[in-house]
Amino acid sequence: MVIKKSIRKKVIAGALAICLAILPAGAVFAGHAPDLAGNWAKDQISRWMDQGLISGYPDGEFKPDNPVTRAELTVLINRAFGFTETKKADFSDITSSKWYYSSILQANAAGYVQGYEDGTFKPDQKINRQELAVIISKLLKLTASAAAPEFRDITKSAAWSKGAIGAVSEEGIMKGSGDGNFRPLAYATRAETVVILDRALSMLNADSDEYVIIYETPGIYGPLSGMSEVDSDVVVSVPGITLRNMNITGDLLLGEGIAEGDVRLLNVTVKAIE
């Protein structure tokens, strides 16, 4: 796959209101979670938390080593990639009363994930790295690698995943563990998922000129201390949002119907890109 690099590398959002979050009830939207100290993915996770793009848990932690379930991953990807179209899916183990029901229908329409031969989706099953490699490969429409991936444990991966593992590793989206292994059967963690999707979105955006971050859930966004650099246009689409400690290099736009006082800006500078 040939990618042209743009002058400025950005995380794409289109006008799709990226939340990029697996949102637990009462989630913490901004700030630096204490359990990220020393974590290898701290920079990416903290940056996304600062911009309100991913959330922590009500206890203030991010829990970077928690595994991600198949249902949670569909919610995260649909928000990140802006998938809204649904397609009926006759999975025997999901019902319309479940919180993830519409998200799985969106994933089915987008075609990046499938069910199992027994007719189930297994929404609560933890997703492993070989499965994630296949999903990322489908999302980016990568060509399966003809060469066998050069990982010591590649024999442990399923035949249907080897081409995708080769493709995502060649593009640098998913990497090995440093000891020559890919760990295809290991569960994907929240930290890994953030970093991998960050790389995937950056790759998609390599030749894109514009992107927008849209805040559509009331809350406080931005770091408690220090400054967050927001290299994009920002849209506030609902009242009850506070932005703090941000340098916005694009435009700051308010949605229709938002009146004076509905949005608070605390130590926010805005400099539109010429």
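Visitor: In which sense do strand 1 and strand 4 pair?

Guide: This is a predicted model. Strand 4 covers residues 233–236, and strand 1 covers residues 212–215. The two strands are joined over 4 bridges, and the sense of their pairing is parallel.

Visitor: Which residue of strand 4 is the bridge partner of Ile214?

Guide: Ile214 lies in strand 1, on one side together with Val212. Its bridge partner in strand 4 is Val235.

Visitor: Which helix is included in what covers the buried residues of helix 3?

Guide: Helix 3 spans residues 101–110, and its buried residues include Ser103, Ile104 and Leu105. Gln106 and Ala107 are buried as well. The cover over these residues includes residues 70–81, which form helix 2.

Visitor: At roughly what angle do the axes of helix 2 and helix 3 cross?

Guide: The crossing of these helices is left-handed. Thr74, Val75 and Asn78 of helix 2 make the contact with Ser103, Ile104, Gln106 and Ala107 of helix 3. By class, this contact has 3 nonpolar, 4 polar and no charged residues. The axes come within 9 Å, and they cross at roughly 65°.

Note on methods
Residues numbered from 1 in each chain as written. Predicted model: local features only at pLDDT ≥ 70, side-chain atom pairs only at ≥ 80, totals over all residues. Heavy atoms only, no water. Buried < 20%, exposed > 50% of the residue type's maximum accessible area, 1.4 Å probe, protein only. Pairing = 2+ DSSP bridges. Contact = heavy atoms within 4.5 Å. Axes fitted to C-alpha atoms, helices over the stretch in contact; angles between N-to-C directions. Left-handed = near helix turned anticlockwise from the far one by under 90°. Nonpolar A, V, L, I, M, F, W, Y, C, P; charged D, E, K, R; others polar.
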